[in-house]
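Take a look at the chain below. We will go through its ring contacts, its sheet and its cores in turn.

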Amino acid sequence: MIPCRLTGKPFWDIYLNNNPAPWRAYLEAAKYFGIDAWFFNGTLDFQYNDQVCVASERIVSRTDDFIVQRTELSTPAGMVTGETTYCRADPPTQTLKYIKDIAADFAKFRYLLREPTGYTTETAKLQKAAVGKEYAFGTYVVYPGFQAWMDYTEGGVQPVVFAEMDHPELLEELRELHEHVVLRQVEMILDSKLYDYILLAGSGSVTLASPKLFDKYAFPTIQKITSLCKQAGVPTMLHSCGKQTHIVKRCAEDSDLNCINPLEIPPMGDCDLAKIKRLYGEKIALMGNLHTTEVMLFGTPTEVERAAKKCIDDAAAGGGFILSTGDQCGRDTPDLNIRKLVEVCETYGRY
């Protein structure tokens, strides 16, 4: 949100028109604030067969504040339709999902989780040149779970919950398919030898499901991804905003994950940074966890300084800590607060 705001353009210029591309806007913001860029959106251009194609893509509504784009996808099992609303001053959101009924549309759903057949590196090399040697160059993959599947289903997470009760065999098939696809993606990312690390993306993994459901649908794939990456010598990081204490424990004790964020504090999350450092800091690097609204958005520079110093005191001992915010900062976060965070890191965070 802040990189988009700093361009001075409507957000749809960045997200819809790619002018500038979101990753370019982010790099400019990192330079503006003097932060270490967390560049996790390096793009490996996966290639697919032609079973799923865009049948039509058009703007269906436009106002001073919103642009609505409708996309129709053709699959061998039939057509699916979705809509994305692009906002003038906020990130876009998908306001009509492709899958209207998981059971009835399951054949179509399967085609939306496409296995790549190859890849090209033109975009990734362009991005890596722009990132340069100053920052780590990363990419991300999305692991299975309620938090991922709700992006496809009309009604969000609710129909996925109902499917868990009414059609568990379909969700298990979906999990196996999703795992197969993401492991193939990881294999190709590692094969490209372009990336310094891989981010495992799973926002809300335990906020949108229970710890038991995380263990059932997400964690087996996390174990396999991190094992593959360890064998290849490529570090892994996991992002899951919201409740995360259970995820930290599982990943630190039973996976090869190297780093985890954003470790949000209550009420958005459930993480006590000092306790997590004490229990798992020897096994896994930590990234977080300033409160993005109470501290970064609404707090004063003095309050930012106090909170940042507490994070450093809680988790920096012995290394393995990245001072950051608990998820992304809101659009209207004052520049002064972000600059104070950088100042504290540079003055108080040195060993």
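A charge sits over a ring if NZ of Lys or CZ of Arg is within 6 Å of the ring centre and within 35 degrees of the ring normal. R114 meets this with Y48: its charged end lies 4.1 Å from the ring centre. R339 lies over the face of Y32, at 4.5 Å from the ring centre.

The model is predicted, so local features need pLDDT of at least 70 and side-chain atom pairs pLDDT 80 or more, while totals for chains, interfaces and linings use all residues. Residues are numbered from 1 along each chain as its sequence is written, and side-chain values use heavy atoms, with hydrogens and water left out.

Now the rings. The whole structure holds eleven aromatic pairs. Rings of Phe, Tyr and Trp (its six-membered ring) pair if their centres lie within 6.5 Å; planes under 30 degrees apart count as stacked, over 60 as edge-to-face and the rest as tilted. Y32 and F33 have ring centres 4.7 Å apart and planes at 80 degrees, so they are edge-to-face. Y32 is partly exposed, at 39% relative accessibility. F33 is buried, at 7%. (Buried means under 20% relative accessible area, exposed over 50%, partly exposed in between, with a 1.4 Å probe and protein chains only.)

F39 and F137 are stacked, 5.7 Å centre to centre with 25 degrees between the planes. F39 lies in the loop between α3 and β1, and F137 in the loop between α5 and β7, so the pair ties together parts 98 residues apart in sequence. Both F39 and F137 are buried.

Helices (H or I, at least four residues) and strands (E, at least two) are DSSP runs, numbered from the N terminus. Two strands pair if DSSP finds at least two bridges between them. Six strands form an open parallel sheet, in the order β7-β8-β9-β10-β11-β12. β7 and β12 stand at the edges with a single partner strand each, so one side of each has no neighbour in the sheet. β10 and β11 pair over two bridges. I260 has L286 of β11 as its bridge partner.

I260 also belongs to the largest nonpolar core, which has 62 residues. Such a core is a set of buried Ala, Val, Leu, Ile, Met, Phe, Trp, Tyr and Cys residues joined through side-chain atoms within 4.5 Å. Helix α8 gives the most to this core, with six residues. Another core lies apart, with 23 residues, among them V52 and I102.
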